[in-house]
Amino acid sequence: MSVAELDADAAQLAVEHCYEQGWSDGLPLVPATRPLVDRFLAAAGRPADEVIGHMPQLDRSVTVELAAINAVMAGCLPEYFPVVLAAWEALMNERAAKGGGWQSTSGPAPLIIVNGPIRNELGFNSTGGVFGPGFRANATVARAIGLIVRNVFGVHPHELEQATQGLPGRWSICIGENEEESPWPPLAADRGVTGNAVTATLLRTCEYVDNRHTTDPELLLGDFADTIGRSGSLIFKHALVGVVLCPEHANLLAGAGYSRSDVAAWLAEHSGRTTGQLARAGKDHNDGAGVRFPGSGEPADDFQRTIAPGNEDRVLIAVAGSRNAGISMVVRYFADWSGNSVAIRAGEAS
Amino acid sequence: MPNAILDPTGRAADAAASSLSALAPRPADLTGLRVGLLDNTKHNALLFLREVGSLLVSEHGVAEVSIVETKANFSVPVDESIVARYARECDVVVIGVGDCGSCSAAAVADGINFERAGLPAAVVLTDAFLSTGRMMAEVQGAPDYEWITTRHPMASLTPDEVRTRAEGLLPQILGTLAKAAA
């Protein structure tokens with residue numbers, strides 16, 4: 001069909017119809033039709049009525065077909081749909097995403113990390129600007145997750161969703177791992193899933209660490225530990241945090257002999273604040289139930305770790321971004337990370 | 001014939017599942033009755049509920065606080081087995097304190113579940129969560145369900161302030177649980 005034959009007026013009416021139904025996250029949606037949704041279902045090769053998620057407090061269920069309709073609306077291509085399903089499954093492995101996470105005052109954001117050849121086949125960005133916009137696969141897979149929560153679970157802002165402020169880019173954080181420039185095996189492969197796979201958790205926020213003039217691995221790790229240890233989002237005794245390293249930082253560390261788990265262990269051991277520092281934020285004492293409060297005179301010099309001992313294996317270390325500077329991202333979990341990756345399984349060639 | 005636009009919600013044909021036709025029958029007053037407390041885990045909730053329970057016993061003729069439970073998951077409404085346990089062990093129940101997004105919605109659903117089981121319930125939420133409470137009541141098929149609203153926040157109050165808050169809300173709690181208000 002030539003451009004002249006496309007009916008833009010009809011398209012605009014259809015887009016406005018979707019807004020009027022309350023289905024939109026604020027941006028225009030692609031109206032979902034039966035033939036297009038069927039192409040998505042064929043790409044996934046899974047039964048349309050298969051239930052892939054349930055919100056017990058609302059007794060609402062997500063089926064493969066409802067996920068497909070929302071993936072269409074998000075602007076996905078049919079071949080992205082297996083990635084959406086894997087991302088959804090990965091999130092459903094997370095304790096917080098199964099319960100009230102989507103309704104939380106924290107307004108958490110899913111972090112979706114894609115591994116495998118599918119990144120290049122479908123055009124996922126894993127290099128420069130990886131946390132930013134500009135790539136259809138990254139943008140629409142993440143958006144599809146947000147639309148499923150909004151439309152199928154019915155969690156709308158100001159209604160069942162109660163985010164105090166929420167996160168910038170809440171439904172947009174989907175990154176490819178930069179396997180080509182990572183010194184380590186792919187993240188998902190390290191968790192036992194080789195090839196095309198998704199790893200995910202929920203974030204409270206992410207914040208960058210700019211350190212481009214250090215060649216000492218411990219100074220670099222110390223910079224991450226300083227950011228990880230800050231009190232701002234710490235409300236319980238401990239918190240879980242990961243790092244998405246830029247290739248420059250990852251290679252500096254690997255060159256100094258650090259494996260992925262060495263980096264995690266170092267950060268777990270060294271990230272935190274003294275009781276005195278935490279006292280200045282009114283967070284030096286925890287009440288036994290795990291919630292932090294202004295304290296009761298504990299020694300000021302005691303070091304309180306951010307990441308609980310024994311949780312080193314829950315510190316997510318991924319590699320993404322361009323190799324043009326030493327800028328990495330600390331990813332601060334909403335709750336925890338299951339440590340599980342999910343294989344991406346496409347249907348029969350459609 | 002153009003293709004129809006598909007509904008992404010899956011709820012186009014939602015019927016009001018099992019609507020709450022009426023609240024549980026109210027006793028004339030609370031004299032000699034047993035009160036249950038359901039703590040939703042939020043900070044200060046248990047202190048608030050215990051204070052309400054002891055005031056009901058000391059000042060309003062309630063026989064005893066017969067059951068106190070802390071929810072395993074604040075986001076999820078209590079299940080039938082917990083509702084049944086309360087129905088066996090107490091005559092009225094006080095639920096609170098909703099002061100977060102998912103827990104407030106779940107507390108409203110808890111109140112509705114207890115009412116359906118014939119147990120008068122008083123639910124306390126802070127005023128920051130009116131919209132999520134109302135939305136959950138609609139989801140539960142009880143759009144007109146009422147709860148008790150207290151000023152936000154609750155979590156940062158001192159123990160003395162929590163006690164004062166409990167004393168202040170006591171008349172409303174009594175009025176919700178029994179016919180004859182205090």
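**The hairpin and the contact between the chains**

A: Happy to, and let's begin with a hairpin in this predicted model. Strands E1(A) and E2(A) form that hairpin with four residues between them, and Asp59(A) in the turn has a positive phi of about 55°. For background, most residues other than glycine have a negative phi. The two strands, E1 (residues 51-55) and E2 (residues 60-63) of chain A, run antiparallel and are joined by four bridges. In one of these pairings, Val51(A) has Thr63(A) in E2(A) as its bridge partner.

Now to the contact itself. Chain A contributes 32 residues and chain B contributes 25 residues. Together the two chains bury about 2,200 Å², with 66% of that on carbon and sulfur atoms. On the chain A side, the residues that lose the most area to chain B are Trp23(A), Gln57(A) and Gln162(A), which together make up 22% of what that side buries. Four elements of chain A give two or more residues to this side: helix H1 (8-20), helix H2 (34-44), helix H3 (64-74) and helix H7 (136-152). The largest share, four residues, comes from H3(A). By residue type, the side of chain A that touches chain B divides into 16 nonpolar, 12 polar and four charged residues.

What about specific pairs across the contact? Between chain A and chain B there are nine residue pairs in polar contact, counting pairs with both residues at pLDDT 80 or more. The count of salt bridges between the two chains is zero.

Let's cross over to the partner. Chain B has five helices and five strands, and from the N terminus on its elements run β-α-β-α-β-α-β-α-β-α. The radius of gyration of chain B is 17 Å, close to the 16 Å that the globule rule gives for 182 residues, so chain B is as compact as a globular protein of that length. Its C-alpha trace spans about 75 × 35 × 30 Å along the principal axes.

Two peptide bonds in chain B deserve a look while you are there. The bond from Gly96(B) to Val97(B) is cis, with omega near -10°, and Val97(B) is found in strand E3 (residues 92-98) of chain B. Another cis peptide bond joins His152(B) and Pro153(B), with omega about 0°. Pro153(B) is in the loop between strand E5 (148-150) and helix H5 (159-177) of chain B. As a general point, most peptide bonds are trans.

Note on methods. Residues numbered from 1 in each chain as written. Chains lettered and ligands numbered in written order. Predicted model: local features only at pLDDT ≥ 70, side-chain atom pairs only at ≥ 80, totals over all residues. Heavy atoms only, no water. Contact = heavy atoms within 4.5 Å. Buried area = accessible area lost by both parts, 1.4 Å probe. Salt bridge = Lys/Arg side-chain N within 4 Å of Asp/Glu carboxyl O. Polar contact = N/O pair within 3.5 Å; in protein donor to acceptor, adjacent residues only side chain to side chain. Nonpolar A, V, L, I, M, F, W, Y, C, P; charged D, E, K, R; others polar. Pairing = 2+ DSSP bridges. Rg over C-alpha atoms; globule rule 2.2 N^0.38 Å.
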